[in-house]
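This explanation goes through aromatic rings and then a pair of helices. Please keep the sequence and the model in view while reading.

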Amino acid sequence: MGNSDTKLHFRKAVIQLTTRTQPVEASDDVFWDQFWAESSTAMQDVFALVPAAEIRAVREESPSNLATLCYKAVERLVQGADSGCPSEKERQIVVNCTRLLTRILPYIFEDADWRGFFWSTVPGAGRTKRLDEDADDDEARPLAESLLLAIADLLFCPDFTIQSHKKSSPDSAEDIRSIDSCEYIWEAGVGFAQSPPLNYVHDLNRTELLKLLLTCFSEAMYLPPSSDSKTLNPWVSFFCSTENRHALPLFTSLINVVCAYDPVGFGFPYNHLLFSDSREQLVEQSIQILIATLEHEASSASSAALQALDEATASPADEEPEPTGPDNLFVNYLSRIHREEDLSFILKGLARLLNNPLIQTYLPRSTKKIQFHQELLILFWKFCDFNKKFLFFVLKSSDVLDILVPILFYLNDARADQSRVGLMHIGVFILLLLSGERNFGVRLNKPFTHRVPMDIPVFTGTHADLLVVIFHKIITSGHQRLQPLFDCLLTIIVNISPYLKSLSMVAANKLLHLLEAFSTPWFLFSAPQNHHLVFFLLEVYNNIIQYQFDGNFNLVYAIIRKRNVFHQLANLPSDTASIQKALQKKKKSGISRTNSTEKGSMEGSTPAVPAEPGTLKASLEATPGIDKITEKSQVSVDGTMVAVPHSDPPQTPSDRNIGAAASDTESNSERDQEVDHTESEAARSRLSSVSSTAAFSANPDWVLSWKTRLPLQTIMRLLQVLVPQVEKICIDKNVDPPIWYDTDIRLFEIQRI
């Protein structure tokens with residue numbers, strides 16, 4: 001009954017805000033205390049009892065009441081921070097005010113006329129007045145600054161958000177102004193060796209305050225996009241400045257809480273279903289706060305520019321300027337982390353959390369799965385971007401593969417989901433950053449032995465093979481919004497190619513499949529940038545042949561088998577008639593693709609196909625004919641290819657299925673052929689759309705400008721030398737006829753593990 005009465009009183013107070021004809025005076029504490037002093041009001045209740053329509057109605061019809069409500073709520077938070085919340089009632093008031101402001105602030109930000117309200121000076125609300133009783137009201141802090149400083153103090157409030165070092169009693173309560181918050185960091189880790197006892201009440205209170213802080217930072221979401229990169233978020237600017245005396249301990253607490261978190265805990269099956277985990281919410285809020293604060297770095301650039309300007313204009317007699325760091329203390333602190341144990345703690349913590357969704361057990365859903373992996377990737381990117389020591393530490397450690405595998409898992413899982421295009425971008429950008437360093441390419445040669453739940457072909461190989469296979473799947477079966485990432489994906493492969501000692505047959509065929517798709521005339525002639533993809537792939541082949549030839553027999557063999565692709569590329573027609581003919585074939589093939597996809601679901605409307613068991617069914621009946629797996633061509637004296645006449649009309653690249661390179665070499669199974677055919681059709685659809693560029697028309701001069709620069713010399717020389725040798729080996733070997741080939745065998749079936 002008591003809880004129902006409290007909700008009723010709270011609801012009546014909300015209604016009175018809109019129905020009273022006269023503004024409610026700020027001194028009417030009896031009225032305002034109804035919002036926070038009665039008893040606990042859960043966050044869900046606050047959202048239910050304070051509807052959006054009524055908040056907007058108060059904002060429009062009774063603006064003074066809304067202003068007073070915000071002011072009084074901030075005032076109670078400031079009072080709680082000053083007093084240290086010694087009693088349970090005061091702590092409850094702080095929590096209620098925090099939840100109420102979290103609910104109201106977004107509706108302040110969405111109205112342009114109200115955004116400046118929190119940055120205006122409210123008489124009596126300033127901290128300057130309390131610290132200096134003789135100060136005038138004009139010197140009081142803006143309401144936003146008072147709110148942010150109160151939140152910072154409350155995050156290190158003894159017996160509310162931290163464990164007090166003294167015995168708790170009203171007389172011996174610690175003064176929140178005198179404590180050194182660096183001694184009360186929330187978790188052991190960077191710069192702090194002691195692990196405080198876990199207190200779920202403290203975790204819940206921290207989470208509430210961080211939610212309010214994140215709400216304050218969200219003002220930028222309600223502003224239109226600006227081309228001015230120097231536009232700063234005033235909330236973040238102030239909170240990360242020297243005005244916040246808790247900046248260092250708070251930054252360290254957030255990092256340590258995130259990197260020390262272990263969702264699995266003691267490893268008991270289904271423990272997450274039996275016990276609530278207060279730390280998970282705190283970890284998620286901590287990551288989001290870190291991202292919001294670390295995103296705000298423009299001030300450091302402006303400081304550097306001002307310092308350079310001062311140095312340029314200073315006279316010789318002037319004193320040397322003092323070095324100034326970034327205005328954003330969070331960025332400054334992050335850039336200074338350098339101890340090996342701290343870097344290892346951060347890397348292992350992030351890797352543990354990123355790998356959490358990949359954990360597989362015999363009991364289904366027995367381990368807890370976290371959902372904030374996108375935030376983890378952004379945080380990892382920020383660490384690598386701002387702290388080069390951390391980046392080098394990651395690259396020299398074998399733990400970098402513990403970062404690579406989950407990134408590839410997320411990329412593969414999100415490739416068909418258009419709502420996760422941001423995840424795709426950040427994952428690709430991280431790999432692009434790492435691939436620029438030699439150590440990353442060297443590490444990729446480590447054998448890949450994990451069993452990760454991904455819908456990819458079963459193969460035995462290295463982490464480099466896994467990367468190539470995943471990238472091929474993104475290009476051929478990802479949604480159309482990923483097309484701008486094709487350059488980045490191939491650049492990553494180019495960067496690592498000089499260090500790949502031995503590609504598997506699966507990965508080699510995937511690379512050749514991409515070249516076959518990108519080198520079709522209709523694709524090359526359809527857009528001004530399409531030929532760049534061919535240049536990337538040719539550079540990959542050249543790097544592997546020149547630097548890692550001995551171990552890459554699979555790739556060399558694939559190149560020899562698909563040598564017609566390179567010869568057709570070298571002999572690509574460049575006259576106007578051939579260009580128009582190729583483009584016309586593209587239009588015809590586009591019509592057939594449109595008709596064939598009408599029966600299926602819209603591309604990108606469904607997530608990626610779930611992983612299947614680790615066996616692939618195969619049968620002898622699916623083995624293609626000998627004429628399908630050999631090529632009708634002969635080698636001339638100089639090593640070039642001469643086609644053998646066919647009774648059927650010759651096929652052109654645009655008529656041929658671009659998935660043939662994968663389907664006829666990877667597996668003889670029906671399923672593999674089906675998958676390859678599906679991927680190829682999807683690839684053609686994507687290539688067709690990526691190549692459609694309005695107001696562009698290919699002409700002979702343009703084709704010749706890049707055709708003459710194709711780096712085909714190394715590959716052509718390889719084919720000239722090896723093709724005669726391989727064909728001689730094939731001719732010299734006589735093979736007995738397969739007795740049971742193409743018969744209906746019932747006793748057994750072939751499975752490939």
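How many aromatic pairs does the structure hold? In this predicted model, there are 25 aromatic pairs. A pair of aromatic rings is described by the distance of the centres and the angle of the planes.

Take Phe-156 and Trp-186 as one example. Their ring centres are 6.0 Å apart and the planes stand at 35 degrees, so this pair is tilted. Both residues lie in the loop between α8 (143-154) and α9 (200-217), so the pair ties together parts that are 30 residues apart in sequence. Phe-156 is buried, and Trp-186 is buried too.

Another pair is formed by Phe-251 and Tyr-333. With 6.1 Å between the ring centres and 45 degrees between the planes, this pair is also tilted. Phe-251 belongs to helix α11 (residues 247-260) and Tyr-333 to helix α15 (residues 329-336), so the pair ties together parts that are 82 residues apart in sequence. Phe-251 has 4% relative accessibility and therefore counts as buried, since the cut-off is under 20%.

Aromatic residues also group together: one cluster is made up of Phe-109, Trp-114, Phe-117, Phe-118, Trp-119, Tyr-222 and Trp-235.

Now turn to two packed helices. Helix α19 (residues 400-414) packs against helix α20 (residues 421-435) at an angle of about 145 degrees, and the axes are 9 Å apart. The crossing of α19 and α20 is left-handed. Residues of α19 in the contact include Leu-404, Leu-408 and Leu-411, while those of α20 include Met-424, Val-428 and Leu-431. By class, the contact of α19 with α20 has 13 nonpolar residues, one polar residue and no charged residues.

Technical notes
Residues are numbered from 1 along each chain as its sequence is written. This is a predicted model: local features need pLDDT of at least 70, side-chain atom pairs count only at pLDDT 80 or more; totals for chains, interfaces and linings use all residues. Side-chain values use heavy atoms; hydrogens and water are left out. Rings of Phe, Tyr and Trp (its six-membered ring) pair if their centres lie within 6.5 Å; planes under 30 degrees apart count as stacked, over 60 as edge-to-face and the rest as tilted. Helices (H or I, at least four residues) and strands (E, at least two) are DSSP runs, numbered from the N terminus. Buried means under 20% relative accessible area, exposed over 50%, partly exposed in between (1.4 Å probe, protein chains only). Axes are lines fitted to C-alpha atoms, for helices over the stretch in contact, and angles run from 0 to 180 degrees between N-to-C directions. A crossing is left-handed if the near helix is turned anticlockwise from the far one by less than a right angle, and right-handed if clockwise. Contact means heavy atoms within 4.5 Å. Ala, Val, Leu, Ile, Met, Phe, Trp, Tyr, Cys and Pro count as nonpolar, Asp, Glu, Lys and Arg as charged, and the others, Gly among them, as polar.
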